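Let's take a friendly walk through a protein model together. Have a look at the sequence and the structure first.

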Amino acid sequence: MVSGYQLIAGLTPEPLSAAGKRSVKLNLPALQSKMKIDPEGYQTELGLLYSQFNSALDLFRQQAALNFTATSGVSADPTISKDLGDRAVFLAHVTPFYPKQLTEFPRQLADFLKMSAKSLPSGLRCHIAQALILLVNRKMVEIGENLALFMELQTLGDRNMRKLSFSHVVHSIRRMNKKHKNEVKNRRLQNILFGMLQREDEAVAKRSLITLCELHRRKVWFDDRTANAICMACFHSSSRIMIAAISYLLNYEKIEDDDDDDSDASSCEDDSKLQKPQAILSKEAVYKAYHKGTSSSKKKKKAKLERAIRSMKKKQRISSETSSSNNYSPLVHLKDAQGFAEKLLSRLQTCNERFEVKMMMLKVIARTVGLHRLILLKFYSFLQKYVQPHQRDITNLLAAAVQACHDMVPPDAVEPLFKQIVNQFVHDRSRPEAIAVGLNVIREICLRMPLLMTEDLLQDLVLYKKTHKKAVSVAARSLMTLFREICPSLLLKKDRGRPSDPKARPKAYGEVTVSSNVPDVELLQHDDRDDEEDEAEDAEDIDKMRCSFEDDCDSDEFSSASDDHEDDNDSESREDSDGEEDSIDEDSDNGVDANDSDYDEEGEGDNDMEEMEEDVEANHEKVNVDVTKAKASKRKLSDFDGQLIAADTSLRALKRLAVEKLKGSSLNSTDAFLSNEDFQKIKELKAKKAANSALAQQGFKVPSSDQLSFRRVDPSKLEAHIRRKLTKEQRLALVKAGREEREKYQSRTAVKRKKTGGLSNQQKERKKLMPSAAKKAKIARSRQEKTQKQRRGGKQFRGKKAWKC
């Protein structure tokens, strides 16, 4: 043992020198830089240092075999431990330059840590671990070879060692999956951690669970296997492991938002980038980028504009990802969700844990039932025992009950629980806070299972809208608003308002809408029909414009011709108008007779219509202003013709529409093929229709069952608008906050003394110089006023005035 002490004492860095330069003495950092520059010239120094390291390593192994502690033996000397740690780190730095000479060095470090990690002092243990981590980072050693070793090092009770090993494992696996994911390596590493998680040793299982949760939170191992392993940890024999797994499942959103102390610098840089203010686009900036300045300045402005657009798109994408991940839970990846819920419920019924742990287990079961829409009938009867207004954490329990309700559960199974909530919370002798919570819970349950509500019960609950307590009235009105949308017939007529669908009703239990066609394909057909109508209207407008242009041309020609023969035309027009009046009267009489006799014959009717049209055209070509009777008669006849034509065209349009509908349905049902463009157009039309309905709709939109099952119920929303009674500390804090802007209290005399202005009127009157006669008159006048007051008020003593005290 003495030789060992002498050997270690002689291993100081000072005697080391470069080859061929004995006079120049080098320390370890300087020798390390020289060896990296010229590896071949320092092989002798490498051999000397490596032999010294091996001898010191053997000495520590012998000490570990003799069961020495960290405070006895060779380890008691801090300089010896420091020298061994420095040589281990030195050899780890130069290992990539001497791969043949230091082939066994990584295995020696790993074996040394496995055998004597507990007996080593903390500083030496950290130095050896840092050397091994350096070799892993330099890719001299695979992370899978030493993953179990680093997980064991976290259980030694050394805080620095635990933090170092944990950060190394997480960052190594994250760096391995940064560019692309190697499924083979990931599966091998996952199998190691999964096996450690199933071990009975509580410390090892806890560290493996924390590692898996961290990798899953960072989305490195964001797969089904990791999520199922975390969920299966809820059935571990140790209650601490079970509580840790349940806490992670419940608080996944909170854990995702919080940053741990050992988060890497890259994540901090990403956060700082996201927190930078983003450029806001304006019409002026877009206009300047395309219309103002020289070509080079326009190019710069366009580039700046594109950068701003890219940053805005990136920010929008990140915000959408974060908002979508807020509702995510590892419970989504459960392979056997029904078995998981049943097994956890049986453990909940038989366990002897404290109340907080039972509530956590109950929340996990409710979340699983709601996410996967399971049928777990025992769960509702178990909840029914705890539904009391005075129950501890009653809002969390009611939120779990709401979460476990969905449209796949039979209403008969939830009806006892629903009735107990109504009877225990909503009655006249209950407190307003309990009534408000009960109404909110009833609303949320009916949003998921509207078949539980009856007409009499709903009308009784809606009457609470007239109460003076804001929380109760708001809850009752929200319940009334909900049933205006899903089933207005259950409400009284005065409470229905103006619903969007008066005949709306909830689906019966088990009722499913089966689509026999492509969803929303009628939007595409309606859009095509609108396009055809627009084209027809455009064609009609063009025809009208052409006709008006031709009429203008004819009128111009007619006016030019009428200038030459004005007198002759006047006489002829008078004669023609008289003749026309007689002919119209005759025709009208004959027309009535013809209608009475031969109206059913189609040929004659068509000839009459053609003759009437020719007469109307001839009358339009002749311009006559003087004869008003002929004009009136022609106008009546043309109106009658127009009505007949409009009726005929409307009938034909209805027939054409029916034929097109039949053709469209037959086309869709037989051999209609939609292209990708058609599906894209259907998507756009659906979004447009949803936007229009959202703008036109008043109130709120009822979410679908899938959205409700995926969304978590917030217990704080069940207590909306409820004013809590303040404690004494909170009341004192409010009082002190109100005194901050107010000056310190002072008496009236102190305020008068600090007065900076002039004298008051009373002070001036006292100091006023007056003759003696005036003073005597004033005293006598005041004495008389006092006696008069006494006579009016009586001589009875009424006590001392409070304001004179």
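Predicted model: local features only at pLDDT ≥ 70, side-chain atom pairs only at ≥ 80, totals over all residues.

Residues are numbered from 1 along each chain as its sequence is written, and side-chain values use heavy atoms, with hydrogens and water left out.

**Two helices side by side**

Start with helix H4 (residues 78-94) and helix H6 (residues 122-137), whose axes lie 9 Å apart at an angle of about 0°. H4 is therefore roughly parallel to H6, a label for angles under 35 degrees. Here helices are DSSP runs of H or I with at least four residues, numbered from the N terminus. The axes are lines fitted to C-alpha atoms over the stretch in contact, and angles run from 0 to 180 degrees between N-to-C directions.

Which residues of H4 and H6 make the contact? Among them are Leu 84, Val 89 and Ala 92 of H4, together with Ile 128, Ala 131 and Leu 135 of H6. Contact means heavy atoms within 4.5 Å. By class, 9 nonpolar, 4 polar and 1 charged residues take part in the contact of H4 with H6. Ala, Val, Leu, Ile, Met, Phe, Trp, Tyr, Cys and Pro count as nonpolar, Asp, Glu, Lys and Arg as charged, and the others, Gly among them, as polar.

**The nonpolar core**

The largest nonpolar core has 154 residues, and Ile 442 and Phe 483 touch the most other members. Such a core is a set of buried Ala, Val, Leu, Ile, Met, Phe, Trp, Tyr and Cys residues joined through side-chain atoms within 4.5 Å. Leaving aside neighbours within four places in sequence, Phe 483 is in contact with residues including Cys 446, Met 453 and Leu 458.

**Salt bridges**

Side chains of opposite charge can pair when their charged atoms come close. A salt bridge needs a side-chain nitrogen of Lys or Arg within 4 Å of a carboxyl oxygen of Asp or Glu, and the count comes to 17 salt bridges. Here are some of them.

| Pair | N to O distance |
|---|---|
| Glu 104 and Arg 107 | 2.5 Å |
| Arg 199 and Glu 152 | 3.4 Å |
| Glu 356 and Arg 392 | 2.3 Å |

Glu 356 lies in helix H18 (residues 355-372) and Arg 392 in the loop between helix H19 (377-384) and helix H20 (394-403), so this pair ties together parts 36 residues apart in sequence. Glu 356 is partly exposed, at 33% relative accessible area, and so is Arg 392, at 45%. Partly exposed falls between buried (under 20% relative accessible area) and exposed (over 50%), using a 1.4 Å probe and protein chains only.

Key: Parallel < 35°, antiparallel > 145°, perpendicular 65-115°, else oblique.
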